[in-house]
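Student: Please take one part of this model and look at it closely. Then carry on from there to the other parts.

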Amino acid sequence: MSFSITCVKSENAFDLMTMTLTCNNKTVTKQANAITVYHDFRDQITCTCIAHYQDLCNISYETSSGYSLTCTSPVVYVNDGNSMIVHNSETNITITCRGLESENYYSNITLTCLGMTISDLGTSTTLYAVIRKRDHGSSCTCTIKSLYCDENRTSEFILDFSYDTGVIHYMVNNNSQEVEISEGEMLEFVCLVESYPKPDIVIKSDGSSLLNETWKPNVTSLKTEYNIWAIHFVIANSSCLNTNNYSCMESNPVTLTQSQTSVSILVKCSLHVYEFDSSSKYFEYHIDDEAAISVKLYGHPQPTDIQLLKGTDSREINQTKYSANFTELKKPLILVNLIIHKIQEEDFTNYLLRADNGVGKPLLWEFMVVKGDSILDIDIVLTVSLIIGFLVLISALVYIAPVRYKMKRNQKDRNRQVRPRRNDGDQKTFFNPRYSTSTVSENFLPKVSEIDEDRNSIGMCSLNTDLSSK
């Protein structure tokens, strides 16, 4: 494409000497009030015009001005460049396409988006539209046909905004409200969420403490078409304690919105005692008391028959003697309440609670009602026995220690040996207290006074005694 560029002198200038016009390194100089050049333009052109003057004092000076033009791609602004969140079903937006940025030259601009097309002659054009969540990811184009550029310039862009529709599908075993299965069967959860960007999705139970901690679900999350995200969750072998309300919960990190949907799950099983300490199966009461006994059970469905049996032979009790009912707690828990009226001596015995809900075997739970004073007497006997045993042990230690010490000392004395003196020609003889004194000559036995003198002199038990001739 060829076009002309003209440089004109300033109206306030004095005598013009020459003018120089340079465009893209092509220079033309003339002595005239204006100068025009013709140029083939492709993508970008930069021109400089210089006018040389001389005033009345013959002083030369010059003025200059510049010009540039670039054929750039269109620039598109959606919602004035601000991030956009679509909260409702419809949201109004503006889409603006600008032409050449370097100069304010008119161009033919065509904008096509959301099934609409507008065309304007100017520097920019704006489309006012209503978008919906399903419009996310729509493709739009803006084309500029310039008087100065060889070819049309087109920019393509995608509508990008955030939104959160929430949970759109949540089912457990293909049911969306209540699921009832037998213990051991599989539970399969599928939850779909429509949201952008990717939301956080989790499946939670109302009472997680009731869940088996060893259970490891199979959870996967994947993106489907139209920004729908799915989470798949499986409990392969269900337990009675899996009875609960399960919710699929999602939250979007950009829109800061969240939603959830719940499904109730009932797992059928026989009745069981829930977290009861076996050491607490003894209940203490007194004569004429009302014995109130409660035990927490779990199971589904609720019990249809509750009986109280008495004694080791589990005989039936008169219906007027006791009352039994239950209170429904958070499923699958129930609280069974027993009251034995006006306890007498024969009522301090074993009891058997029988509860049946029609699934599996009935529950049989044994407990004992004991007389209050009996537990006190046993405690006293045990305490006294311990004290007596402790005193006996101390007495034994006090008596045995001196006796053993004395025995050891006597043993040392018996083991001492007496070595007498030997005369010339006489055989060496020893005194051993283990032998009978009747077999030893009296001449061998020293006097007590001599023994004491020898002990004082040498500090030993051996005796030096002069032997007399036999």
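Tutor: Start with a cut-off: buried means under 20% relative accessible area, exposed means over 50%, and partly exposed lies in between. The model is predicted. Now take L391. Its relative accessible area is 49%, so L391 counts as partly exposed. L391 sits in helix α1, residues 372-414.

Five strands make an open, mixed sheet, ordered β23-β30-β29-β25-β26. β23 (282-285) and β26 (315-316) are the edge strands; each has a single partner, so one side of each lacks a neighbour in the sheet. Strands β29 (residues 350-356) and β30 (residues 363-371) pair antiparallel over 6 bridges. In that pairing, A355 stands opposite L363 of β30.

Now the cysteines. The whole structure holds 6 disulfides. One of them joins C23 and C47, with the sulfur atoms 2.1 Å apart. C23 is in strand β2 and C47 in strand β5, 24 residues apart. The S-S torsion is about 120 degrees, so this disulfide is right-handed. C23 is buried, at 1% relative accessibility. C47 is buried too, at 4%.

Another disulfide links C191 to C248, S to S 1.8 Å. This link is left-handed, with -85 degrees about the S-S bond. C191 lies in strand β17 and C248 in strand β21, so the pair ties together parts 57 residues apart in sequence. Both C191 and C248 are buried.

Definitions and conventions. Residues are numbered from 1 along each chain as its sequence is written. This is a predicted model: local features need pLDDT of at least 70, side-chain atom pairs count only at pLDDT 80 or more; totals for chains, interfaces and linings use all residues. Side-chain values use heavy atoms; hydrogens and water are left out. Helices (H or I, at least four residues) and strands (E, at least two) are DSSP runs, numbered from the N terminus. Buried means under 20% relative accessible area, exposed over 50%, partly exposed in between (1.4 Å probe, protein chains only). Two strands pair if DSSP finds at least two bridges between them. A disulfide is a pair of cysteine sulfur atoms within 2.5 Å.
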